[in-house]
Amino acid sequence: MTHQEKLEEMYRHMAMLGVSRSTAAPPAWRLLWRFGIEIPPPLFTPFMPGALAMGAFFGLFWGLFMWAILWVHQDMPAILMAATAIAAGALFGLTMAAYFRHLARKHGLPSWAEYTGAP
């Protein structure tokens with residue numbers, strides 16, 4: 001089964017479980033898939049890789065956004081800006097990874113390699 005076929009099966013299965021499409025496949029993941037990067041959906045990602053991926057993505061873009069609208073006008077040291085963005089990314093990544101692991105356990109989802117799409 002190709003990655004795309006597996007994703008389509010996952011969308012159907014998640015709909016049956018009542019998991020929204022945006023939870024099963026967040027925008028960052030859909031963007032990576034569109035660029036041809038075949039990573040497992042967050043519900044099938046182990047805790048630490050999921051926390052790192054979500055935290056890095058959030059920390060980077062949140063930090064850039066905060067710099068563009070707020071920090072550029074303040075006399076704030078760069079190290080403090082970076083530390084704030086890293087802390088925000090770490091908190092977000094850990095929280096989201098815990099949430100996705102909770103949903104995966106609740107629905108008894110296997111690893112992505114073992115997933116067949118069948119309930």
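Tutor: A pocket is an open set of grid points with protein on both sides within 12 Å along at least five of seven lines. The model discussed here is predicted.

Student: How much space lies in the largest pocket?

Tutor: Rolling a probe the size of a water molecule over the atoms shows where empty space is left. For the largest pocket, that space is about 170 Å³.

Student: Which helix supplies the largest share of the lining of that pocket?

Tutor: The lining includes Trp 29, Met 54, Phe 57, Phe 92 and Phe 100. H3, H4 and H5 each supply at least two lining residues. The largest share is four residues, and it comes from H4.

Student: What elements does the protein have, and in what order do they run?

Tutor: The protein has five helices and zero strands. Its C-alpha trace spans about 55 × 30 × 20 Å along the principal axes. From the N terminus on, the order is α-α-α-α-α.

Student: What percentage of contacts between residues at least 6 apart in sequence join residues at least 24 apart?

Tutor: Take the burial first: of the 119 residues, 36% count as buried. Now the contacts between residues at least 6 apart in sequence. The share joining residues at least 24 apart is 69%.

Student: How far apart are the end C-alpha atoms of helix H4?

Tutor: H4 covers residues 47-69, which makes 23 residues. At 1.5 Å a residue, H4 should therefore span 33 Å. The model agrees, with the end C-alpha atoms separated by 32 Å.

Student: Which helices are among those covering the buried residues of H4?

Tutor: The buried residues of H4 are Gly 50, Ala 51, Met 54, Gly 55, Gly 59, Gly 63 and Met 66. Their cover includes H3 (27-34) and H5.

Student: Arg 101 is buried yet has no salt bridge, so how far away is the nearest side chain of opposite charge?

Tutor: Arg 101 lies in H5, residues 78-106. Beyond its neighbours within four places in sequence, Arg 101 contacts Leu 43, Phe 44, Thr 45, Pro 46 and Phe 47. A salt bridge needs nitrogen and oxygen within 4 Å. The nearest side chain of opposite charge, Glu 114, is away by 10 Å.

Student: With which residue does Arg 12 form a salt bridge?

Tutor: Side chains of opposite charge can pair when their charged atoms come close. The count for the protein is one salt bridge. Its closest N and O atoms are 2.7 Å apart, and the partner of Arg 12 is Glu 9.

Student: By how much of the helix are Arg 12 and Glu 9 separated?

Tutor: An α-helix has 3.6 residues a turn, so residues three or four places apart point the same way. Arg 12 and Glu 9 are three residues apart in helix H1, residues 3-17. Their separation is therefore about one helical turn.

Student: Is Ile 39 buried, partly exposed or exposed?

Tutor: Ile 39 lies in the loop between H3 and H4. Not counting residues up to four places away, Ile 39 touches His 3, Trp 29, Leu 32 and Trp 33. Buried means under 20% relative accessible area and exposed means over 50%. At 25%, Ile 39 therefore counts as partly exposed.

Student: Which residues does Leu 94 touch, not counting those up to four places away in sequence?

Tutor: Leu 94 lies in H5. At 43% relative accessibility, Leu 94 counts as partly exposed. Beyond its sequence neighbours, Leu 94 touches Phe 47 and Ala 51.

Methods:
Residues numbered from 1 in each chain as written. Predicted model: local features only at pLDDT ≥ 70, side-chain atom pairs only at ≥ 80, totals over all residues. Heavy atoms only, no water. Buried < 20%, exposed > 50% of the residue type's maximum accessible area, 1.4 Å probe, protein only. Lys, Arg positive; Asp, Glu negative; His and termini not counted. Contact = heavy atoms within 4.5 Å. Expected span 1.5 Å × (residues − 1). 1 Å grid on protein atoms, 1.4 Å probe; cavity = no way out; pocket = protein on both sides within 12 Å on 5 of 7 lines; lining within 4 Å. Points joined across faces, edges and corners; volume = space filled by probe spheres on them.
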